[in-house]
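Subject: Structure for your files

Hello,

Here is the structure I said I would pass on.

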Amino acid sequence: MIGVTAIPRPVHAGFGTYQGQTLGDAFIRAIEAAGGVPLILPSTEPDHAARQVALIDALVLSGGADVHPSLYDDEVRPEMAWLDQHRDAWELAVLDAARDRGLAILGICRGSQLLNVWRGGTLVTHLATEVEHDAMAPDRHGLAITGGSLLADVLGTTETAVTTLHHQGLDRIGAGLAAVGRAPDGLVEAVEDRSSRIIGVAWHPELQLGEDPGQALFDWIVREAHADTEV
Ligand SMILES: [Mn+2]
């Protein structure tokens, strides 16, 4: 059972717009294809996180809003159109609960950024002005992966190309995390903690399931979940 955090956002329906908790169907298909059972976890009260996490065997953090800069001692910029402090607080509690249970964790885009902040790291708040990086390119940029890393083992390569749809970037890397993937401009786009079975990626594997850095990550998280339940 793979828990995936939902993305709170406005949903445009025939009768108007309402606030929903959403998840792209690609996450569901990727987990199913890997042999796992997907379970969408709604953003709710942080006090509920431990009971939600008690239901799952591994955790995937999805993308979405920027991580609030107050969590890493920076300030809100005018370019930050999408912040969600309720989700921040809940998802940090989910991470604490997953750590307490020793679950494997895959953080995607915002999820990789939240993982880094959770471990005491910092973010580049607005890539376009602070670091020159083709963050919202329509296609891909290259990624160099550290040989011998967990990520290199999972993807079976040290060189690939990844989707780039992110507004924030990883800056100072948090405690216990290793930077294991870099864009050609040097921006860190993957972190891991091998001993804790944690991988965070800045790209969107759910949008490139037919390629190297896509389905293999979902296959990994489901394998780790099975490893825990087949005792
Ligand atoms: Mn990028």
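Predicted model: local features only at pLDDT ≥ 70, side-chain atom pairs only at ≥ 80, totals over all residues.

Nine strands make up an open sheet with mixed pairing, in the order 4-1-5-6-13-12-11-8-9. Its edges are strand 4 (38–41) and strand 9 (159–163), each of which pairs on one side only. On average, neighbouring strands are turned by 25° against each other, direction ignored. At one end of the order, strand 8 (residues 140–145) pairs with strand 9 in the antiparallel sense over 5 bridges. Gly142 has Ala161 in strand 9 as its bridge partner.

Helices on the sheet. Helix 1 packs against the sheet and touches strand 1 (2–5), strand 4, strand 5 (58–61) and strand 6 (104–108). The direction of helix 1 makes about 145° with that of strand 4. Helix 7 lies across strands 1, 5, 6, 9 and 13 (198–201), and runs at about 155° to strand 6.

Helix 1 against helix 7. The axes of helix 1 (residues 25–33) and helix 7 (residues 212–229) come within 8 Å and cross at roughly 60°, so the two helices are oblique to each other. The crossing is right-handed. On the helix 1 side the contact involves Phe27, Ala30, Ile31 and Ala33, which meet Gln215, Phe218 and Val222 of helix 7. By class, this contact has 6 nonpolar residues, 1 polar and no charged ones.

Regards

Key:
Residues numbered from 1 in each chain as written. Heavy atoms only, no water. Axes fitted to C-alpha atoms, helices over the stretch in contact; angles between N-to-C directions. Helix = DSSP H or I, 4+ residues; strand = E, 2+ residues; numbered from the N terminus. Parallel < 35°, antiparallel > 145°, perpendicular 65-115°, else oblique. Left-handed = near helix turned anticlockwise from the far one by under 90°. Contact = heavy atoms within 4.5 Å. Nonpolar A, V, L, I, M, F, W, Y, C, P; charged D, E, K, R; others polar. Pairing = 2+ DSSP bridges.
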